[in-house]
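Keep the structure open as you read.

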Amino acid sequence: MFDPTTVASTERRELISFRVGDQEYCVNIMAVREIRGWSPATALPQTPGYMRGVINLRGAVLPIMDLAARLGMPMVEPNVRSVFIVVQAGDRTVGLLVDAVSDILSINDDMVQPTPDVACDTVRSFVRGIISIEDRMISEISLDRILPEREALAA
Amino acid sequence: MDELEAIKVTFFQECEELLADLEGGLLAMQEGIGDIETVNAVFRAVHSIKGGAGAFGLEPLVRFAHVFETLLDAVRSNEVPNTVELAAVMLRASDVLADHVSAARGLGDVDMAASAAMAAELKTWTDPSAAPAPAAPVAEAVETVAATVAAAAPTPAPAATSDDLDDDDLGFDFQPMTITVDEQAADAELIPSHIWTVSIRPKSDLYRKANETALLLRELSRLGPIVATMDESALPPLEFLDVEAAYVTWSVRVETDHGEEAIREVFEFVDGDCDLEIVRGEAPVEAALANLLNAIDPPAAAPAPPPAEMPPVAEVAPAPVEAPTEAAPPVQAAPAAAAVAAAPAAAPVKATQVDVPGPGQSVIRVDPERIDRLIDLVGELVINQAMLAQRVGEYGIAPSSNLAMGLDELEQLTREIQDSVMAIRAQPVKSVFQRMPRLVREVANMTGKQARLVMDGENTEVDKTVIERLSDPITHMLRNAIDHGLESPEERKAAGKNPEGVVRLAALHRSGRIVIEVQDDGKGINRERVLSIAVKKGLISPDLQLTDEEIDNLIFLPGFSTADKISDVSGRGVGMDVVKRSVQALGGRISIASRPGLGSTFTLSLPLTLAVLDGMVVDVAGETLVVPLAAIVESLRPKPEEVRPLGPVGSVLAVRDSFVPLIDVGLTLGYRTTSPSPTEGVVLLVEGEDGSRAALVADAIHGQRQVVIKSLEQNYQQVEGVAAATILGDGRVALILDVDAVINLRRRESPRPVEPTLIAAE
């Protein structure tokens, strides 16, 4: 399958940016399947706190990940304006809960700066790079890293 | 996948079917009910496998198939008598052939030594010098008469006989004829050696397999200039024309320097699908006509020499021609040649039989993924429909209103669509059953038992998800039935039974489930031995009083084995406990009924599909959960005096003098941190895989419902305590409880810490 995270460096790419708390993040538009308004999720037992649970997406069971919590920030209770972005990551489809979608960006890869060496491990591993546009700082999410590893449960 | 690979995949799929046909035919022959058509079908199966294998250069497969085919050809032409003994040998050969196919496919290896031995054994049947035996069984069977016959007719002319057997049943008959005309015989030397006459009479199968006479003629023309004459006299009037049938025959004059072999090679791909006669020289039209007439209405005066007296065909330039159905017998038109023509004596025109053995019903091969997608979509439709119905109910719309009535109709339609779609995936259990005769043969051989497998209900249909997982438990139970159930032939004789044991494998539908029965007429379960083994292995306490049924069920305990010695078949550390577990993983149950000296019956009861599940919908801490009905023994509302504390936190429920641990599902799954009193809720008494019981506490029961199973792993991963998910009528996801995991979670001394942040986000 086409992997949206590996695009030739000179090509222009389109990204969808969104707000998580007071920060701006983005993902490759090719990975985005749809954007939906928040609806209550069914909680999953024995799962990390950033897993909001699962919802029904036209018959498929879609796990919803709270992006703020995944990045180690405090979780905000979703409200009617909250949305989740349905993304394709590898063979999985996952919903990312964010506060609001803000923009579609068109960038060259040379506009992407390496992630600064911040203290937080999660940020270093989940952020692919940082894009600076019009005084905004937008961090690109690395989708293949952000999903929890599939662990084989002992039978 | 490149194109060749795709074709190869199709070839192997066909091989599966052909091998099944082959085995079916051979089994019929072994039962003594195989007729000529069966022999032909068996021959065709081996021949087709060989042909395909040749195209892919699968050398060992081709070599073995060739030897097998040679023998079958000899059987087809009556050179080797078709006996039960021969069928048994050929059955073993079909197993080896199946091994070759699997090996070519990259699944498993062939025991080349065994294959070579088998090939050698097959050869002894066709080579009379190596084995004078084949004729013997016939002689024995028919005693004196057979002996004389065998002496009188040493070797029937192969060509004529095989064509006899090949007769198609479409209303006209073809008899190759040899004309012994003195002048011609004398002039034999003068016949130009490069002129050949090829008579082709296609059968319907030729066209069904997408071959074409035009292509054959084109191939022939590559050998040299040809003159083809078409005989369309058999063509019926248009209104009677069967478009699938073959009516037209050809007589082709070929001028070539190549030999007969080269001509025959052209027809290699259509062998068996057309009657073919290749003779040297030209066929004069008169002779041809004469033969036509002769074939229909042989003059009484014309002597019918036995086939054995026919001179070698290639030497005398005869004129084989097709006999049309249209009878126009002006005898005077027949030239002298016809009078001496060797019209085979027995040439009954089998015009009445119409049921041509063809490929049967038309079948579409579909990528299973497409069907799965369709099933998903229908699942959504069902959910959506339920959602609509619920909404309409909430708005208080009268049941007599148009809207409500339309909705009812929608519901009915949806249900029908769901049933039909599920039926697409339903397959007869045949695909699993047909592998079993071989298994029985092998196990019987290995254990020195005599066993006959009787199968019943092969056409019983089950969802493919279940079929795929039926094979292991059935294999295991059959092995057990022969290895442990059946006695040795001597023991059976001593007990006054037929030395050959009968194992019955049956499938049937019973109240929305499929039931698989494996029955043997062996010695039954030796309860004393079972009991003593169980005690010796420490599986049960020695002073336990058990009913017969309970003793029988001990064989399902892990680590239990009754085999005295470790044989090739059993004793590999895989016992009936594994069968039980795999059956339970399918949501099924297994039971035994055994009568000493008369045999045992194992009965599997399984759901028809794994796509839907019967469940009890319950409320736990504001969450809706589904508990599989198969695990629930009963549900009850506990009285305060039935709940007894045990230890610092635990408590048990008294159910009819036994005490069952109480498990609060909400607490175990981390939905809440404190448990309400069980007397405020309801209790589901459940039984785990290992037979352990527990009382699950829930807040309320909504009722029983069939739910569509949705995978959690597809987009996320396995979650402990959760078997799968489903979607409720209101569109929300509900989790299906994994009862065993919940019992085990509770049993663990230090349960996994539950994330405090986990809340129902509402």
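Which residue is the bridge partner of B:L653 in β19(B)? The partner is B:V660. This is a predicted model, in which local features need pLDDT of at least 70, side-chain atom pairs count only at pLDDT 80 or more, and totals for chains, interfaces and linings use all residues. Residues are numbered from 1 along each chain as its sequence is written, chains are lettered from A and ligands numbered from 1 in the order written, and side-chain values use heavy atoms, leaving out hydrogens and water.

Start with the two strands. Strand β18 (residues 651–655) of chain B runs antiparallel to strand β19 (residues 658–664) of chain B, and four bridges join them. Strands here are DSSP runs (E, at least two residues), numbered from the N terminus. Two strands pair if DSSP finds at least two bridges between them.

Now widen the view. Six strands of chain B form an open sheet with mixed pairing, in the order β16-β20-β21-β19-β18-β17. β16 (632–636) and β17 (643–645) of chain B each have a single partner strand, so one side of each lacks a neighbour in the sheet. From one strand to the next, the twist averages 35°.

How far can the model be trusted? Chain B has a mean pLDDT (the predictor's confidence in each residue, from 0 to 100) of 74, and 76% of its residues reach 70 or more. In chain B, strand β24 (residues 733–737) scores highest, at 92, and strand β6 (residues 341–342) lowest, at a mean of 40. Over residues 564–573 of chain B, pLDDT is below 50. Where pLDDT is low, the predicted coordinates should not be read in detail. For the complex, the predictor gives an ipTM of 0.80 and a pTM of 0.51.

Technical notes
Axes are lines fitted to C-alpha atoms, for helices over the stretch in contact, and angles run from 0 to 180 degrees between N-to-C directions. Contact means heavy atoms within 4.5 Å.
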